[in-house]
Amino acid sequence: GGRGMDGGSSEFGSQANVARANVQQLLTNIATITRLSSALGGPKDTVDLRERLHRLIEESKLLSVDTKEVVKDLGNIANGGYQGGGSGNQRQRIEARKLSDEFTKTLQRFQEVVRSTLSKERESVAKAKRISGGGGGAPGPPPPPRICASPWLHSLAPWRALTAPPPETSGASW
């Protein structure tokens, strides 16, 4: 839109706030997912718990897709690639880089938590199958689709391609 000369820096500020808030929300979701997934396979494991887990993971995936866009915009603004935003500035570049690194680390943690949640879920489904026993070597009935992790496991694949940071960047500290 028609913002004045200051368009770039006020836009940067509001986008940076969005990125920070989103990263914070992702960290909160990661903690909740970790807590909920620790109940998988135990006495507190219910269909309700699994649905809550799946909802939270889906929300977090969408949030991370949005945040990736915001972080990309921040980089563009900071590097002067924002129309009417002047030539960008050093302080913004440093800030954009910091937020980008923070987001990348958070996303990696999220992916680890999702992977471990999925494997816990598969284990507990397999255990439940063994317990409900297909006695004479016959396979037991398939688990009800509500518990089965596979449908949304597939939806993870395209999203995983979202971040492929080179492994050597993870050690960089800003």
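Let me start with a term: a residue is buried when its relative accessible area is under 20%, exposed when that area is over 50%, and partly exposed in between, using a 1.4 Å probe and protein chains only. What we have here is a predicted model, in which local features need pLDDT of at least 70 and side-chain atom pairs count only at pLDDT 80 or more, while totals for chains, interfaces and linings use all residues. Residues are numbered from 1 along each chain as its sequence is written, and side-chain values use heavy atoms, with hydrogens and water left out.

First, the overall picture. The protein chain has five helices and zero strands, in the order α-α-α-α-α along the sequence. Helices here are DSSP runs of H or I with at least four residues, strands are runs of E with at least two, and numbering starts at the N terminus. The chain has 174 residues, and 34% of them count as buried.

Now contacts, meaning heavy atoms within 4.5 Å. Among contacts in the chain with a separation of 6 or more, 77% are between residues 24 or more positions apart.

How do the axes of H2 and H3 cross? Helix H2, residues 47-78, and helix H3, residues 90-131, have axes that come within 10 Å and cross at roughly 160 degrees. The two helices are therefore roughly antiparallel, a label for angles over 145 degrees; under 35 is roughly parallel, 65 to 115 roughly perpendicular, and the rest oblique. The axes are lines fitted to C-alpha atoms over the stretch in contact, with angles from 0 to 180 degrees between N-to-C directions. The residues of this contact divide into 13 nonpolar, nine polar and five charged.

Ser-60 sits in helix H2. Is Ser-60 buried or exposed? Ser-60 counts as buried because its relative accessibility is 0%. Beyond its neighbours within four places in sequence, Ser-60 is in contact with Leu-26, Asn-29, Ile-33 and Phe-110.

Ala-19 belongs to helix H1, residues 7-37. With a relative accessible area of 1%, Ala-19 is buried. Leaving out neighbours within four places in sequence, Ala-19 is in contact with Thr-67, Val-70, Val-71, Leu-74 and Leu-99. Ala-19 and Asp-66 lie 47 residues apart in sequence, and their C-alpha atoms are 9.0 Å apart in space.

Notes: Nonpolar A, V, L, I, M, F, W, Y, C, P; charged D, E, K, R; others polar.
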